[in-house]
Amino acid sequence: MRVCCTIAKEVPPAAAHKAAAAPQFEEQQQQEQEQEYGSRVINFAAGPAILPANVIKKAQSELYNWRGSGMSIMEMSHRGKEFLSVIQQAEADLRDLLKIPENYEVLFLQGGATTQFSAIPLNLCTSDDTADFIVTGSWGDKAFKEAQKYCKGKVVWTGKAEKYSSIPNQSELNVTVGAKYLHICANETIHGVEYKDYPSTGNDTLLVADMSSNFCSKPVDVSKFGLIYAGAQKNIGPAGVTIVIVRKDLIGKAQPSTPIMMDYKIHSENRSLYNTPPCFAIYMCGLVFGDLLSQGGLEAIERKNVEKAELLYDAIDASEGFYKCPVEKNVRSLMNVPFTMATPEMEAQFIKEASAQGMVQLKGHRSVGGIRASIYNAMPRAGVERLVAHMKAFQARHI
C-alpha cells in the first residue's frame, strides 16, 4: 500500500519568491491528511473508485468469519440463508434509498453496464422497433452503437461537435414518434456532463438511463423511467455487480435470440440467483446502502456532493483561466470534474506533484486528456479541500 510522501520544502531559486507568495498551508495540510487517511491515498479514480473508509473497515472485520457463520462471505452458498439475508437486505435498503415503487424489479447482475447496452434492446424491443439515443458523451455513443445490432437505433441529438460539453434542452430534441425507448447517460464519466432535469418522452416511449457514475448520489424519481441501470464500481461498490431497476410490466418480452443470461425474466423469476451472483460485490454494495441511509439518505448525500463540487468548481473559475473546465456551467457533473491547463506538460507536472502529496488518479481519460477529479459519495470534503489547496499552490508557483 502506498505511503504518502512528505512535501519537499526546497524550491528552485528562480521560483522561490513565487513559492513564498503561495499560502503556507502545505505542510500543515499534509499532516492533516496523514491523520485523516494514515497510509491511504486520496483516490480521485473514476472507477473502480473510492469506497467509504468505515465500509471497508467493516468488511475487513467480517471478512474471515461473517457474523459468526464460521465462513467468509466469499465462501458461503449463494442459496444459503446467510447470503439470502445479505442480498435481501441490500435490495430493501436500495428500495428505501431511491423510494423504488413496488411495480419495479431490482436485479443484481453481472457483465457491467456495457452488457446492458445489448440486454436493454433485446429485452425491450423487437428487431423492427426504433430506439432513440441522446449522445452526450462516450458512453451514450457506445450504447447507441451496440443497440443498432438488435433494433433500429437512432441518434436524436449528439454533442460530439462541441466535444460533449453540453446537454440539450427539451426543445432541441426530435424524439421519434412510436420509439420504444429514449436512452440517456445521466452522467458522462469521461466528459463530466450531468443531467439536472431529465427529458420528457411523451406518448408510450420509455425513458432509459445509464446512471453508473451518479447512482445514489442524489434523489431520483424512479417512476419517470422504464429502466435504470448502473455499474457499481463508480459510486456504490466494487467492480462485479450491475444493478438494473426495471418496470415489471416490461419483463418477459425478450427477443427469442436473447441469451439466457441477458433475459430479465430469468433473473426476475430467480431473484437474481439464477447462477452464482457476484456475492462479495453485492455484500459490499449492501454495506454502502446501509451507510448512505445512516447519513440521512440521498437528500443529505446530495447536499454534501453539491458542497464538494462547488469547492472544486469555484477554485477552477477563480483561477482566471489558469484552470479551465470545458463543460457548460449548468450541466457540470457533481461526480466527475474535468479541467485543463495551458499545456499537457504543465498538466503532467501538476499530476506528478499531486501524486507526491498522496493524491492519485487525477489524469484525464486517455481519449480526452487533461485532468479529471472524480469526487463520488465516498470522497470526503477534506480530500477536495486538499486538491484545491494544491491547485492554489501550484498556480502561485507558475504564474
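The model you are looking at is predicted. Its open sheet has seven strands, in the order β2-β10-β9-β8-β5-β3-β4, and their pairing is mixed. At the edges sit β2 and β4 (152–158), each of which pairs on one side only. On average, neighbouring strands of this sheet are turned by 20 degrees against each other, direction ignored.

- Strand β2 covers residues 104–109, and six of its six residues are buried, so the strand is largely enclosed by the rest of the structure.
- In a regular strand, side chains alternate between the two faces of the sheet.
- On one side of β2 you can find Tyr-104, Val-106 and Phe-108, and on the other Glu-105, Leu-107 and Leu-109; all are buried, and both faces are covered.

**How strands pair**

- Backbone hydrogen bonds pair the strands of a sheet, either parallel or antiparallel.
- For an antiparallel example, look at β2 and strand β10 (residues 242–247), which are joined by six bridges.
- Within this pair, Val-106 stands opposite Ile-245 of β10.
- For a parallel example, turn to strand β5 (residues 181–185) and strand β8 (residues 206–210), which are joined by five bridges.
- Here Leu-182 has Leu-207 in β8 as its bridge partner.

**A helix on the sheet**

- Helix α6 (residues 138–147) packs on the sheet, where it touches β3 (130–135), β4, β5, β8 and β9 (227–231).
- The direction of helix α6 makes about 160 degrees with that of β3.

Note on methods: Residues numbered from 1 in each chain as written. Predicted model: local features only at pLDDT ≥ 70, side-chain atom pairs only at ≥ 80, totals over all residues. Heavy atoms only, no water. Buried < 20%, exposed > 50% of the residue type's maximum accessible area, 1.4 Å probe, protein only. Helix = DSSP H or I, 4+ residues; strand = E, 2+ residues; numbered from the N terminus. Pairing = 2+ DSSP bridges. Axes fitted to C-alpha atoms, helices over the stretch in contact; angles between N-to-C directions. Contact = heavy atoms within 4.5 Å.
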